[in-house]
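Welcome! Let's walk through this model together, one question at a time.

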Amino acid sequence: MSSTNSASAAWLTQEAYDRLKAELEHLSGPGRAEIVQKIEAARQEGDLKENGGYHAAKEEQGKIEARIRQLTVLLRDAQVGAAPADDGVVEPGMLVVAKIAGDEEKFLLGSREIAGSSDLDVFSEKSPLGSAIIGHKEGDTLSYTAPNGKEIPVEIISAKPFTG
C-alpha cells in the first residue's frame, strides 16, 4: 500500500485496493500460465497464419498484459484509505447527487475501480465535471465548461461517502 500526493494518484478504498491486488496477483501468476498453455496448445495445431485459436489466445494475452500494466500503475500510485468524511464536501470517494443541466444524476466521484461491478456512473476527479465540483458542498450551485464549450449549470444536492 503506497500513499502519494501525486496529482495522478487515484483514491481507493482498502476493499477496492485488496480486490485489485488479488486480481493483479492472479493475472500475473495463474492467468499468465493459463494463456501461455493456450498459445502453446494452439501452436501445436499447425499453420499459425490460419489458426484462429492461436490468434485469439495471442489477443487474450495482449489484453491480460495491458490489464497487468494498468493495475500495476494504479496500485503503485493509489492513495488508499478510509472513506472520506461525511461532511457534505465533494471529494474523491463520494457518492454525489447533483442537478446537472436540470437533470438529477447520481454518480461516484473517483476511479471506476472503486465502483467494482456496480452499474453506478463514475466521473473522474480529473474530468471537467469532477474538477469543477471538488471542494464544493451540498447546496452549492456552480457551472463548468463541457468539452463541447457549453457552460453547464450544476447544483450539488448531496455528497456522501461511497460504501460499496
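Two strands pair if DSSP finds at least two bridges between them. This is a predicted model, in which local features need pLDDT of at least 70, side-chain atom pairs count only at pLDDT 80 or more, and totals for chains, interfaces and linings use all residues. Residues are numbered from 1 along each chain as its sequence is written, and side-chain values use heavy atoms, with hydrogens and water left out.

Q: In which sense do β3 and strand β7 pair?
A: Helices (H or I, at least four residues) and strands (E, at least two) are DSSP runs, numbered from the N terminus. Strand β7 covers residues 151-161, and seven bridges link β3 to β7. The sense of the pairing is antiparallel.

Q: Which residue in the turn between β3 and β4 has a positive phi?
A: Strand β3 (residues 94-100) and strand β4 (residues 103-109) run antiparallel, joined by seven bridges. They form a hairpin with two residues between the strands. The residue with a positive phi, about 50°, is Ala101.

Q: Which residue in β5 does Leu109 stand opposite?
A: Leu109 of β4 is also the bridge partner of Met94. β4 pairs with strand β5 (residues 121-123) in the parallel sense, over three bridges. In β5, the residue opposite Leu109 is Phe123.

Q: Which residue takes a positive phi in the hairpin of β6 and β7?
A: Strand β6 (residues 141-145) runs antiparallel to β7, and five bridges join them. Ser143 stands opposite Pro153 in β7. Five residues lie between the strands of this hairpin, and the one with a positive phi near 95° is Gly149.

Q: Is α1 roughly parallel or antiparallel to α2?
A: Helix α1 (residues 14-43) and helix α2 (residues 52-77) pack with their axes 9 Å apart, at an angle of about 160°. Axes are lines fitted to C-alpha atoms, for helices over the stretch in contact, and angles run from 0 to 180 degrees between N-to-C directions. Angles under 35 degrees count as roughly parallel, over 145 as roughly antiparallel, 65 to 115 as roughly perpendicular and the rest as oblique. Therefore α1 is, relative to α2, roughly antiparallel.

Q: What is the radius of gyration of the chain?
A: There are four helices and seven strands in the chain. The radius of gyration is taken over C-alpha atoms, and the globule rule is 2.2 Å times the number of residues to the power 0.38. That rule gives 15 Å for 164 residues, so the chain is more spread out than a compact globule, with a radius of gyration of 21 Å.
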